Amino acid sequence: MGNPFTIRSAKPEEAELVLEFIKKLAVYEKCADEVVADEATIYHSLFVEHSAEVVFAEEEGVVIGFALFFHNFSTFVGRKGLYLEDLFILPEKRGRGYGKALLRYLAKLAVERNCGRMEWICLDWNKPALKVYGSIGAVPMDEWTVQRLDEMALKKFAEGK
């Protein structure tokens, strides 16, 4: 890793920067058209409601990556967990250990917060990320299938339709 490398919490005035990194991740994941969040929504969700948290990775004071996470709860473990929603490092900064450093930072945070586990999902085709995750001891949950009701389906189902 280059020097100096730091990880810090996002500040309320950085909602636009958070959104920029979300959009960069969406481009990488080939789903840029799915981003409907705007700066105001991000600001409200992160810094008013505190629905999630963001940390930035910086190299020499320049933001080169981010992680967005929140707490979930495991009934089996009986404790909260740390759920990593997004992790993204700028393409030109990959391969230097920054992603792994962000994961370690979150793991330490999870331990400090008495979390029973840390979880995330990864696209099947993202082999570089899967390789990193395997190297840190993460285990794929192959027997589980992610289910989703998008906003339209959620509203329709809630209305009994």
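Residues are numbered from 1 along each chain as its sequence is written, and side-chain values rest on heavy atoms, with hydrogens and water left out. Because the model is predicted, local features need pLDDT of at least 70 and side-chain atom pairs count only at pLDDT 80 or more, whereas totals for chains, interfaces and linings use all residues.

Helix α1 spans residues 15-28; helices (H or I, at least four residues) and strands (E, at least two) are DSSP runs, numbered from the N terminus. The 14 residues of α1 reach 20 Å from the first C-alpha to the last, close to the 20 Å expected at 1.5 Å a residue (the expected span is 1.5 Å times one less than the number of residues). Its buried residues are Ala-15, Val-18, Leu-19, Phe-21, Ile-22, Leu-25 and Ala-26. Viewed down the axis of α1, these buried residues fall within an arc of 160°, so they line one face of the helix; the arc is that of the directions from the helix axis to the C-beta atoms. Buried means under 20% relative accessible area, exposed over 50%, and partly exposed in between (1.4 Å probe, protein chains only).

The structure holds zero disulfides, a disulfide being a pair of cysteine sulfur atoms within 2.5 Å. For Cys-122, which is in no disulfide, the nearest cysteine sulfur is that of Cys-31, 13 Å away. Cys-122 counts as partly exposed because its relative accessibility is 23%, while Cys-115, at 11%, counts as buried.

Most residues other than glycine have a negative phi. His-50 has a positive phi, near 60°, and lies in the loop between α2 (39-48) and β2 (53-59). At 59% relative accessibility, His-50 counts as exposed. Phi of Asn-114 is likewise positive, near 60°; Asn-114 is found in the loop between α3 (98-112) and β5 (118-120). With a relative accessible area of 48%, Asn-114 is partly exposed.

On the surface, Leu-149, Leu-154 and Phe-157 form a nonpolar patch with about 330 Å² of accessible area together. Accessible areas come from the Shrake-Rupley method with a 1.4 Å probe, and for residues only the protein chains shown count as cover. Patches are made of residues with over 30% relative accessible area and no salt bridge, with like charges joined within 9 Å and nonpolar side chains (Val, Leu, Ile, Met, Phe, Trp, Tyr) within 5 Å. A salt bridge is a side-chain nitrogen of Lys or Arg within 4 Å of a carboxyl oxygen of Asp or Glu.
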